[in-house]
Amino acid sequence: MIVCVAVVGHQNNPLYIQSFTEADDALKLHHVVHCSLDVVDERVNNPKKSGPMLNETYLGLLYPTENYKVYGYLTNTKVKFILVTTDLDVKDADVRNFFRRFHAAYVDAVSNPFHVPGKKITSRTFAERVSTIVKAFGLSSAG
Amino acid sequence: MGREVSESCVESLLIEMVSSYCNRFYADKPELAARRIEAIGYQVGHQLSERYTMERPRFIDHLEAIKFICKDFWSEIFKKQIDNLKTNHRGTFVLQDNRFRWLSRMSIESSPETTGSSQDGEDKAAQAMSMHLYFPCGIIRGALSNLGIPCAVSADISHLPACSFVIRIKA
């Protein structure tokens with residue numbers, strides 16, 4: 001299950017962050033997202049480790065914590081997408097697919113002429129679309 | 001698939017936008033009109049670059065981003081690529097389009113009067129033409145800025161409908 005997704009701008013400013021848990025742990029999840037930004041920077045600045053996947057937008061598993069797995073995605077325009085999940089056994093293809101759809105939703109949201117670049121995304125349509133994508137995550141593999 | 005827009009509608013809209021800014025909103029301040037038109041282009045370029053770079057790996061250097069502008073970005077907007085790219089390898093790039101779409105159906109109004117005023121008319125026509133180039137300049141600047149390359153873009157008409165865009169990357 002996805003517990004949190006976030007969009008972070010190129011100056012590490014939060015553009016959109018949403019948690020999907022019943023419990024009151026939004027702060028903890030925000031902290032996890034915050035920590036992941038350093039890992040993204042590290043990945044991008046020391047690309048040797050990535051090897052053949054050099055400069056791919058999908059960054060893969062950023063780091064596992066005791067309860068969560070954090071995945072990252074960095075667009076050409078230096079916008080970061082972060083995904084926090086509690087699933088232990090996640091298929092890479094599912095995560096890629098998730099980020100692709102998330103990115104598409106983001107592009108549509110920022111193409112709104114009333115959206116101010118660099119400001120938080122407040123669009124309700126975007127929020128609804130994201131929660132649909134989050135709900136659909138992993139359904140294909142779970143059957 | 002994406003929704004499509006009639007090309008003639010887009011061209012009419014652009015012409016109308018330029019004429020509204022130049023003749024109505026800022027009739028006596030052409031510099032201000034130019035700045036406003038460029039700003040609109042900037043926003044458009046900013047948004048388009050986000051969309052068109054979706055499925056590709058990140059660019060490693062400036063040249064790669066400029067090549068993207070010349071090839072994929074230009075084809076998406078104008079259905080053709082830039083014809084010639086020149087660079088001095090020190091941050092200046094010249095993109096030449098031999099048949100720039102937004103100028104291809106434009107004609108310079110030749111004044112039928114005496115030779116004295118024809119020079120004057122030509123200057124006026126060139127100025128009107130250059131007003132139409134602030135929008136594409138803004139698009140290029142917006143796209144590159146969004147890709148992390150701050151720059152200044154100017155346009156230069158040698159002979160119609162050829163047009164070249166000069167990109168100067170800020171160090």
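Helix H2 of chain A lies across strands S1 (2–8), S3, S4 and S5 (80–85) of chain A, at about 135 degrees to S5(A). The model is predicted: local features need pLDDT of at least 70, side-chain atom pairs count only at pLDDT 80 or more, and totals for chains, interfaces and linings use all residues. Residues are numbered from 1 along each chain as its sequence is written, and chains are lettered from A and ligands numbered from 1 in the order in which they are written. Helices (H or I, at least four residues) and strands (E, at least two) are DSSP runs, numbered from the N terminus. Axes are lines fitted to C-alpha atoms, for helices over the stretch in contact, and angles run from 0 to 180 degrees between N-to-C directions.

**Sheet of chain A**
- Five strands form an open, antiparallel sheet in the order S2-S1-S5-S4-S3; strands pair if DSSP finds at least two bridges between them.
- S2 (14–19) and S3 (58–64) of chain A each have a single partner strand, so they stand at the edges.
- S3(A) is joined to S4(A) (residues 69–74) by five bridges, and Tyr63(A) stands opposite Val70(A).

**Helix pair of chain A**
- The axes of H2(A) (residues 92–110) and H3(A) (residues 124–136) come within 10 Å and cross at roughly 175 degrees.
- The two helices H2(A) and H3(A) are therefore roughly antiparallel (angles over 145 degrees).
- Among the residues making this contact are Phe98(A) of H2(A) and Ile133(A) of H3(A); contact means C-beta atoms, placed from the backbone, within 7 Å.

**Between the chains**
- The contact takes 15 residues from chain B and 13 residues from chain A.
- Helix H2 (residues 30–52) of chain B gives the largest share of the chain B side, five residues.

How values were computed. Two residues are in contact if their C-beta atoms, placed from the backbone, lie within 7 Å. Angles under 35 degrees count as roughly parallel, over 145 as roughly antiparallel, 65 to 115 as roughly perpendicular and the rest as oblique.
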